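Welcome to this short briefing on a protein model. Take a moment to look at the sequence and turn the structure around before you read on.

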Amino acid sequence: MVRRTLLHAALRAWVIQCWWRSMQAKMLEQRRRLALRLYTCQEWAVVKVQAQVRMWQARRRFLQARQAACIIQSHWRWHASQTRGLIRGRYEVRASRLELDIEILMA
């Protein structure tokens, strides 16, 4: 009878220990998942910030290049319009007719 009581007590203790170990494993797994979730959230935040900074830098470089291209184009157009056709000539007005002598130089 004493042996049976001790055996039942030992079995009950063993069941309680198994349950406690499984609960500890579940809590450890929950903590691990929570830590992993926090880590991934932080990593995604870092990745998003880095992407925003890179996008801002690329956009700034693009806008600078576009502005430089616009300046070069406007200067080139001005230069081309100034040197496209130089008109040099002389003219005389006589009594009833206009004599025109125009020399056009293409540069």
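How far apart do the end C-alpha atoms of residues 1-25 lie, and what percentage of the span is helix? The end C-alpha atoms lie 36 Å apart, and the span is 96% helix and 0% strand. Please keep in mind that this is a predicted model. Along the sequence, the protein follows the pattern α-β-β, with one helix and two strands in total.

**The whole protein**

- The protein has 107 residues, and buried residues make up 1% of them.
- Its accessible surface comes to about 10700 Å².
- Carbon and sulfur atoms account for 63% of that accessible surface.

**The start of the chain**

- UniProt, in an unreviewed entry, places the feature "signal peptide" at residues 1-25.
- A nonpolar patch on the surface is formed by Leu7, Leu11, Trp14 and Val15.
- Together, the four residues of this patch have about 420 Å² of accessible area.
- Is Leu11 buried or partly exposed? Leu11 counts as partly exposed because its relative accessibility is 43%, which falls between the 20% limit for buried and the 50% limit for exposed.

**Aromatic rings**

- A pair of aromatic rings is described by the distance of the centres and the angle of the planes.
- A search of the whole structure finds one aromatic pair.
- That pair is made by Trp19 and Trp20, with ring centres 6.2 Å apart and planes at 45 degrees, so the pair is tilted.
- The word "tilted" is used because 45 degrees lies between the cut-offs of 30 degrees for stacked and 60 degrees for edge-to-face.
- Trp20 is partly exposed, with a relative accessible area of 43%.
- Another ring to find is that of Trp56: Arg60 lies over its face, at 4.8 Å from the ring centre.

**Salt bridges**

- Side chains of opposite charge can pair when their charged atoms come close.
- How many salt bridges does the structure hold? The structure holds two salt bridges.
- In one of them, the side chains of Glu29 and Arg32 meet at 2.6 Å, N to O.
- Glu29 and Arg32 are separated by about one helical turn because they are three residues apart in helix α1.
- Both partners are partly exposed: Glu29 has 30% relative accessibility, and Arg32 has a relative accessible area of 46%.
- A salt bridge also joins the side chains of Arg33 and Glu29, at 3.3 Å, N to O.
- Arg33 and Glu29 lie four residues apart in helix α1, about one turn of the helix.

Technical notes: Residues are numbered from 1 along each chain as its sequence is written. This is a predicted model: local features need pLDDT of at least 70, side-chain atom pairs count only at pLDDT 80 or more; totals for chains, interfaces and linings use all residues. Side-chain values use heavy atoms; hydrogens and water are left out. UniProt positions are given in the numbering used here, feature names are shortened, and annotations may be inferred rather than shown by experiment. Patches are made of residues with over 30% relative accessible area and no salt bridge: like charges are joined within 9 Å, nonpolar side chains (Val, Leu, Ile, Met, Phe, Trp, Tyr) within 5 Å. Accessible areas come from the Shrake-Rupley method with a 1.4 Å probe; for residues, only the protein chains shown count as cover. Buried means under 20% relative accessible area, exposed over 50%, partly exposed in between (1.4 Å probe, protein chains only). Rings of Phe, Tyr and Trp (its six-membered ring) pair if their centres lie within 6.5 Å; planes under 30 degrees apart count as stacked, over 60 as edge-to-face and the rest as tilted. A charge sits over a ring if NZ of Lys or CZ of Arg is within 6 Å of the ring centre and within 35 degrees of the ring normal.
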